[in-house]
Amino acid sequence: MTKGSISKNLILFAIPLFLGQLLQQLYNVVDSVVVGNVLGKEALAAVSTTGSLIFLMVGFINGLFMGSSVIIGKRYGAGDEKGVSIAAHTGITFSILMGLVLTVFGYFFTPVLLGWMGTPEDVMPNSIMYFKIYFLGGLGNVLYSACCGVFQAMGDSKRPLYYLMVSTVLNTVLDLLFVRDLGFGIAGAALATVIAQFVSALLAFIKLTQVQGPHRINIRKLRMDPETIKKELMIGFPTGIQNSVIAIGNVVVQSNINAFGSAAMAGCGSYFKLEGFVFLPITCMSMALTTFVSQNVGAKELARVKKGAVIGSVISVSCAEFIGLMVFLFAPVFLRMFSSEPDVLLIGATQARTESLFFCLLALNHCLAGIYRGAGKTTVPMVVMLSSWCLLRITYITIIVRIIPVVNVIFWAYPLTWSVSAIIFIIYYFKGNWLTKVFENNT
């Protein structure tokens, strides 16, 4: 990442990330496809309504590990092999502890959280069952993300892809076996996900204990270095908070969607699954930029960081808008794989066509946020997204839905808040000498 063609480095790093994220989305979508087609609209609504809560809890913990990735990337770029080893062991140890916390909290607080969301009574039993079983795999989920963070910080985006391939195939096979063939119902879909998560986590962790390099994990050395965990949390905590506040905003959105009934829940849930595919090039280039910037900050390559920021943003924005156009034109076709019921398709297609042409703004937001994170300025995206993606979004929905009580009003919350945050990010990027100060502080 610190030498050679910038565009080539970013694209080659992002391609395995893209394929891995594609598999991750397929991994997530399989539950919805199998449940929606085998068990029906109410079961699909139950799976869909858990998504925002899962992101709320998992997103915070995974955000914390951003600090570990940035520290590893900077130390690797600076040639500090001992520092890389300490940061990797600290991050993995912390992930194991947080995975256990997530498992316990998610399992026991499920009914309370779903109640706060106003989940309808006809959906509640299935939602509780799916959510509780899903969080039994919390340790696997978090450990896999932490291991992937280590690989990616070192510039290796291929190995996580290989393990995810195995996990995705396993999840698909088990979904069909448990739900369709054995009749386990929605519990079978959740159980398939848990098993697949643990498989991918174990594969990634075992490889880290065997790989040659400063990031190799020695089980006997798994402990948290006080100074390193402090630095990792200082960088990662704002990202975790950012993920949480976005998720809180999404929970509020989901609660308002729930008020329009199971058809709206299933339709919007289907669109959000489709949207996950759209986000792939956006999130992958953002992740590539974070690694690129962190390594080049460590190597003290200021000009390379500036050039890479422009190149990565242009690639991501262009790709996102092209995909947005395809979604706008063919939304009903794409959504039909989740459900063929007319009311579900109508709501899902309406949301898709409201938001899709604004995907360029979403891409720009994520790229700039990725640049700031790579530079260690994680507080910036946290504050911007707290104010726009959470507070503004919640305020808009709370007020406007009561004035105009139609579900379409909710859909416009996304383009509105993407526009506001993009403007703030751009102003901050070009105002002042924040990047120069980052390099001065890194010397």
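The structure described here is a predicted model, and the values below were computed from its atoms.

In secondary structure, the protein chain comprises 19 helices and 0 strands. The C-alpha trace extends over about 60 × 45 × 35 Å along its principal axes. The radius of gyration is 21 Å, which agrees with the value near 22 Å that a compact globule of 443 residues would have. Among contacts with a separation of 6 or more, 84% join residues 24 or more positions apart in the protein chain.

Burial and surface composition were examined next. Of the 443 residues, 57% count as buried, that is, they have under 20% relative accessible area.

Helix H8 was considered individually. This helix covers residues 159-181, a run of 23 residues. From the first C-alpha of H8 to the last, the distance is 33 Å, close to the 33 Å expected at 1.5 Å a residue. The buried residues of H8 include Leu 161, Leu 164, Leu 174, Phe 178 and Val 179. Pro 160, Tyr 163, Ser 167, Thr 168, Asn 171 and Asp 175 are also among the buried residues of this helix. After H8 comes Gly 183, which has a positive phi, near 70°.

Notes:
Residues numbered from 1 in each chain as written. Predicted model: local features only at pLDDT ≥ 70, side-chain atom pairs only at ≥ 80, totals over all residues. Heavy atoms only, no water. Helix = DSSP H or I, 4+ residues; strand = E, 2+ residues; numbered from the N terminus. Rg over C-alpha atoms; globule rule 2.2 N^0.38 Å. Buried < 20%, exposed > 50% of the residue type's maximum accessible area, 1.4 Å probe, protein only. Contact = heavy atoms within 4.5 Å. Expected span 1.5 Å × (residues − 1).
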